[in-house]
Structures are given as structure tokens and as C-alpha cells.
Amino acid sequence: MNEIIYREMTLSDIEQVYAIECSCFTQPWSVESLIGELVRNNIAYYVVAEADGRIVGYAGIWVMFDEAHMTNIAVIPEYRRMGVATNIILSMMRYAAGKGAEKMTLEVREFNFKAQNLYASLDFRKVGIRKKYYSDTGENAFILWNDDIRSTLIKNQNGKSHHDNHENIQEDQMK
Ligand SMILES: CC(C)(COP(=O)(O)OP(=O)(O)OC[C@H]1O[C@@H](n2cnc3c(N)ncnc32)[C@H](O)[C@@H]1OP(=O)(O)O)[C@@H](O)C(=O)NCCC(=O)NCCS
């Protein structure tokens, strides 16, 4: 597996990011929304993971004073369970901490267990529920917070690197 580079998203990444967005989500963000995040939203920060010139994952946050709100995250299936999402989130935490943020929040579908595992591994804890938040399935949203992103960064200062891709076994178990 070749080296994966983590860097800030640019406009030239949007076409690939939109394709991932469509393949991973039932209600994908539009190209216009993604462009708007990069050119008009000055509290937004987006990171991509790139392998051999191909975008394999991305995520974004909005940083508001001492809080960062994660907007979305996705990794293409071939690159899952290799630490890509973990490393993207750590890189956004590093950016947010540099801007003065101390905590980070996000919403996750109540039945998205793999994402919940990911967030638990990065010290996010469930603090509330938004009832029937997702109109496509009627699912509730869990509201998660990490109240101390600096200590998560210290614990994970070397990032995550996986050499074994055991995604298929785990994904089959989730079905
Ligand atoms: C959720 C998602 C972003 C995870 O990306 P990833 O790069 O595979 O995540 P990582 O490799 O960093 O996984 C870190 C931890 O998350 C948990 N996790 C991730 N995928 C999992 C799975 N399929 N089953 C169980 N736990 C899982 C594990 O605890 C994992 O650590 P481990 O591999 O040491 O056991 C990816 O599956 C995805 O894009 N899903 C579709 C989009 C989505 O659901 N986004 C989240 C919206 S809230």
C-alpha cells in the first residue's frame, strides 16, 4: 500500500470528493455546497487523504471559538480499516486546536455502528439525541462531544497506521 498524504482540500479535489459523497451517503452534499465550503465559509476547514493522486477520504469541520463541529467524513471502501478516518480527524483536531478550539462535536446516525466505533476510539462521548433527525430513514441522531481534543492529540500523536486490511470481515459482521 502506497503512502497516504493528508492535506487541505482544494477546489480541484471537489469532483472526486463529490463522487465519494454520492457513493457513501443517501443525501449527498451538492457540488455547489462543497465549493461554497471552500470559497465562502471562512470558518470551514476540509482535509483530504490522497494515495497516488487519488482522493480516498475527506472530512470537514467548522471552527467557532472554542468549538469545532464536524460536518462530514467518508473513506472509500478499499481504504477503510487502515486508519484513514482516524488520521483525518486527528489532522482536523490539530488544526482546530491551533485555532484555539478545545472541544469537538458531531452528529451520527443511531445505527451507524462503525462510525460510532471510530468516534469512541477518539474519545467522543454521547451527550444527547436529536429525535428522527434523518428524514430518509427517520433515524435519530446521536450528538457526540470530545471535550478535550488536546488530550486526544497527545494520546494519538503518532497517528494510526494499519498494515492489515481486515475491513471485509468486520463489514460482513456489521450486516
Ligand atoms: C466510518 C468511516 C469514515 C470509517 O473510516 P475508516 O478509515 O475505515 O476508519 P479507521 O480505519 O480510522 O477506523 C478507526 C476505528 O473505527 C472503528 N471502525 C471503523 N470501521 C469499522 C467497521 N467496519 N466495523 C467496526 N468498527 C469500525 C474501529 O474501532 C476502528 O479501529 P480498528 O481498525 O483499530 O478496530 C468509513 O467506514 C466510511 O466512510 N463510512 C461511510 C460514510 C460514513 O458513515 N461516515 C460517517 C458519517 S457520521
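Because the model is predicted, local features are given only at pLDDT of at least 70 and side-chain atom pairs count only at pLDDT 80 or more, while totals for chains, interfaces and linings use all residues. Residues are numbered from 1 along each chain as its sequence is written.

The chain holds 6 helices and 7 strands, where helices (H or I, at least four residues) and strands (E, at least two) are DSSP runs numbered from the N terminus. Its radius of gyration, taken over C-alpha atoms, is 16 Å, close to the 16 Å that the globule rule (2.2 Å times the number of residues to the power 0.38) gives for 175 residues, so the chain is as compact as a globular protein of that length. The C-alpha atoms fill a box of roughly 35 × 35 × 35 Å along the principal axes.

An open sheet of 7 strands runs in the order 1-2-3-4-5-7-6 with mixed pairing, two strands being paired if DSSP finds at least two bridges between them. Strand 1 and strand 6 stand at the edges with a single partner strand each, so one side of each is left without a neighbour in the sheet.

| Strand | Residues |
|---|---|
| Strand 1 | residues 4–8 |
| Strand 3 | residues 54–64 |
| Strand 4 | residues 67–75 |
| Strand 6 | residues 125–130 |

Strand 3 and strand 4 pair in the antiparallel sense over 8 bridges, and within this pairing Ile-61 stands opposite Met-70 in strand 4.
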